[in-house]
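The exercises below are to be worked with the sequence and the coordinates side by side. Each one sets a task and then goes through a solution step by step.

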There are 2 protein chains.
Amino acid sequence: LIKFSLPPIFSNLREKKTKHDLRRVIHSVKVGTALVLVSLLYLLDPLFRQVGENAMWAIMTVVVIFEFYAGATLSKGLNRGLGTILGGGLGCLAAALAQEVGGIGNAIVVGVSVFIFAAAATYTRMIPSIKKRYDYGALIFILTFNLVVVSGIRAEEVMTVARERLSTIGMGFAICIFVSLFVFPVWASDELHHSFASKFEDLALSMEGCLEEYFSFMSEKENQPKANFSICKSILNSKFKDEALTNFAKWEPWHGKFGLYYPWEKYLQIGEQLRELAATILSLKTCLQSPKQPTTQRETLKEPCEAVGSLLAWTLRELGESIFKMRRFHAGASIVPNLKSARLELGSVLSLSPSKLMENGDHGLIAMATLVFLLMEVVEKVEKVAKEVEQ
Amino acid sequence: LIKFSLPPIFSNLREKKTKHDLRRVIHSVKVGTALVLVSLLYLLDPLFRQVGENAMWAIMTVVVIFEFYAGATLSKGLNRGLGTILGGGLGCLAAALAQEVGGIGNAIVVGVSVFIFAAAATYTRMIPSIKKRYDYGALIFILTFNLVVVSGIRAEEVMTVARERLSTIGMGFAICIFVSLFVFPVWASDELHHSFASKFEDLALSMEGCLEEYFSFMSEKENQPKANFSICKSILNSKFKDEALTNFAKWEPWHGKFGLYYPWEKYLQIGEQLRELAATILSLKTCLQSPKQPTTQRETLKEPCEAVGSLLAWTLRELGESIFKMRRFHAGASIVPNLKSARLELGSVLSLSPSKLMENGDHGLIAMATLVFLLMEVVEKVEKVAKEVEQ
């Protein structure tokens with residue numbers, strides 16, 4: 001069976017890869033287009049007469065804001081806007097205050113205010129909850145505040161400069177949003193959704209592969225690819241990526257099948273449990289590798305283990321599909337008792353033939369059975385969560 | 001014992017937290033100082049006469065480059081410098097070419113070159129190996145190229161503008177490096193080193209806590225804090241942070257006890273194995289939670305398990321300490337046989353009393369013993385790596 005299941009994985013991977021690559025190319029072309037559009041502010045005389053040198057800020061905005069995912073672009077753009085307005089406003093106030101003082105006090109007030117605001121904003125940036133969503137905004141706040149308050153010393157018309165820059169930043173933002181959201185958008189929410197559904201499939205595959213390898217009796221152990229476990233490991237390490245995607249997905253407006261209040265937090269919870277499951281499957285690996293496990297005794301376990309394995313794999317796939325299609329998990333009611341009886345059956349296999357299994361301190365086998373048992377507990381947990389998700 | 005071992009953890013955590021907080025405050029003050037320093041370019045008349053409006057670029061550089069870790073600041077600064085020089089150079093060439101063409105062709109050449117370079121650089125940014133180290137440089141390349149080539153249409157003296165901006169960026173960079181590296185520097189390499197040593201300690205603690213909880217016979221199970229497993233999970237999820245720190249550490253110049261070619265890659269490899277170990281310990285948790293485990297039979301296992309547990313914890317602590325102090329793992333020669341004999345002993349406990357253990361399908365216990373056995377395999381692996389590290 002492993003022979004039959006491997007080619008689909010590979011072709012699947014290749015497909016994913018070309019799809020991934022295509023998306024990258026599209027993204028690159030989009031960035032190029034957005035930059036050419038924003039450069040028109042410079043290139044076309046009538047436009048340039050309107051905005052002047054400030055067109056620079058529009059270009060800068062586009063380069064810095066334009067991200068791969070639509071949600072990331074939106075989040076950065078809004079952060080930049082917010083940071084600029086706040087920083088500009090406070091900067092103008094501080095500049096006005098400094099001008100009131102006048103003389104050498106002017107420079108001192110500017111220096112002190114720069115120090116205080118920069119230090120405070122930097123400290124704020126490092127608070128985890130703010131770092132997660134408003135890191136870039138705080139950065140821009142510091143930058144704008146500093147530029148405005150400092151140039152207030154030289155230029156008289158700080159307000160005009162600030163207003164003009166803000167408007168060009170707005171233009172840059174508008175171009176970004178237009179290109180990012182309306183021309184082949186890449187939604188972080190789609191990516192998160194797909195990656196979640198495929199995680200279930202991956203876990204099912206790697207569990208099947210594990211059982212197959214265990215019961216294939218040494219003969220071809222060497223030429224077995226270890227791909228299964230690298231999938232498990234990548235799921236284990238997926239926390240950071242999931243969190244980033246969830247963060248972007250939250251910024252994304254209503255689109256496609258996702259409503260505005262789609263429960264993205266649930267994904268993180270399920271992700272946590274999938275990672276625990278992956279950790280358990282990874283522990284199975286060590287059972288595979290431990291030596292001196294007589295084949296005759298494996299035979300005893302083969303049938304019930306495979307039955308449980310295929311039931312588990314089926315359950316995982318069903319769960320993944322129901323999440324993918326966003327429908328309620330219909331089979332839920334019938335699956336819990338199924339899993340329970342399978343677990344009891346495995347337990348009875350162990351207790352019926354304890355002496356046989358144990359006769360030469362054969363840890364590997366028992367580890368196997370025990371881990372399947374653990375697996376089932378985790379699957380039950382996942383199942384509960386999947387039922388919670390609803391729709 | 002768990003009662004005794006918990007207060008140290010907490011006070012340790014609190015200590016870590018205040019230390020962490022202090023470092024944040026110091027960082028904030030450093031950013032403030034650097035910004036005031038760079039603002040002097042604006043505030044002091046003689047300096048301003050030299051640099052003019054370009055002082056803006058110095059401020060921008062400081063705000064954007066100054067990061068928490070010295071290595072991150074260096075990496076961003078060098079990236080920015082490289083990107084600016086490359087982008088500026090190519091931009092000047094493209095601008096000159098466009099001027100050769102002249103007329104309406106001028107604008108077309110500019111537009112086309114912006115599109116091509118922006119798309120190509122964006123695509124390059126998404127290649128993982130480049131993204132890891134040169135992401136920011138590519139961004140700055142796009143920005144500078146675009147600004148230079150576009151303003152080449154309006155301004156005649158592109159070269160002077162480019163040179164002046166580059167020099168102010170250099171000033172900003174110099175201020176950053178000075179403040180970041182010479183005033184209370186926060187080294188990513190130190191952070192990585194400490195976090196690694198403490199990971200060993202954390203694993204030892206959580207394994208001890210796990211065994212304690214298992215053999216504390218239900219009575220106080222409810223009021224047992226689950227802190228142990230959150231530590232394990234944080235180790236499991238540490239891959240991203242470790243990679244980032246390693247990346248920064250590589251940029252950091254020779255300092256303190258780390259040479260220029262300190263083997264940071266080894267840390268990643270050991271980290272991988274520690275994560276596997278954490279996954280195994282996490283699986284122990286499920287054993288704790290599975291019900292119906294008669295206390296009398298736990299008693300049988302208590303002594304050998306605790307012996308193995310303390311041996312493992314001791315080994316982990318020794319390993320952590322030897323990494324922390326960067327000395328060769330002296331005990332290595334004596335520990336491998338110790339672990340082996342402990343494993344054999346555990347195995348014999350299992351095989352001596354199989355029927356007793358098995359009589360009512362008591363999976364939990366066996367899982368326990370098996371997982372300790374797995375643990376030992378992983379510890380052996382870690383040990384090998386630790387020996388490899390050498391000093």
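**Exercise 1. Aromatic rings**

Which residues do ring pairs link into a cluster with A:F117?

Solution. Ring pairs join A:F117 to A:F141 and A:F145, and these residues form a cluster. A pair is counted if the ring centres of Phe, Tyr or Trp (its six-membered ring) lie within 6.5 Å, and planes under 30 degrees apart are called stacked, over 60 edge-to-face, and the rest tilted. Before going further, note that this is a predicted model, in which local features need pLDDT of at least 70 and side-chain atom pairs count only at pLDDT 80 or more, whereas totals for chains, interfaces and linings use all residues. Residues are numbered from 1 along each chain as its sequence is written, chains are lettered from A and ligands numbered from 1 in the order in which they are written, and side-chain values use heavy atoms, with hydrogens and water left out.

Over all chains, the structure holds ten aromatic pairs. One of them is formed by B:F117 and B:F145, a tilted pair with 4.4 Å from centre to centre and 35° between the planes. Since B:F117 belongs to helix α5 (residues 103-125) of chain B and B:F145 to helix α6 (residues 128-151) of chain B, the pair ties together parts that are 28 residues apart in sequence. Helices here are DSSP runs (H or I, at least four residues), numbered from the N terminus.

For the surroundings, buried means under 20% relative accessible area, exposed over 50%, and partly exposed in between (1.4 Å probe, protein chains only). B:F117 is partly exposed at 28%, whereas B:F145 is buried at 2%.

**Exercise 2. Salt bridges and a charge over a ring**

Solution. In chain A, A:R125 is bridged to A:D135, with the closest N and O atoms 2.9 Å apart. A:R125 lies in helix α5 (residues 103-125) and A:D135 in helix α6 (residues 128-151) of chain A, so this pair ties together parts that are ten residues apart in sequence. A:R125 is buried at 16% relative accessibility, and A:D135 is partly exposed at 22%.

In chain B, B:D135 and B:R125 form a salt bridge with 2.8 Å between the closest N and O atoms. B:D135 is partly exposed at 21%, whereas B:R125 is buried at 16%.

A further bridge joins B:K76 to B:E67 (3.2 Å, N to O). B:K76 also lies over the face of B:Y136, at 4.8 Å from the ring centre, where the criterion asks for NZ of Lys or CZ of Arg within 6 Å of the centre and within 35 degrees of the ring normal.

**Exercise 3. Helix span**

What distance should helix α4 (residues 70-101) of chain A span, and how far apart are its end C-alpha atoms?

Solution. The expected span is 1.5 Å times one less than the number of residues. For the 32 residues of α4 in chain A this gives 46 Å, and the end C-alpha atoms are 46 Å apart, which agrees. Just after α4(A), A:G102 takes a positive phi of about 70°.

Conventions:
Helices (H or I, at least four residues) and strands (E, at least two) are DSSP runs, numbered from the N terminus. A salt bridge is a side-chain nitrogen of Lys or Arg within 4 Å of a carboxyl oxygen of Asp or Glu.
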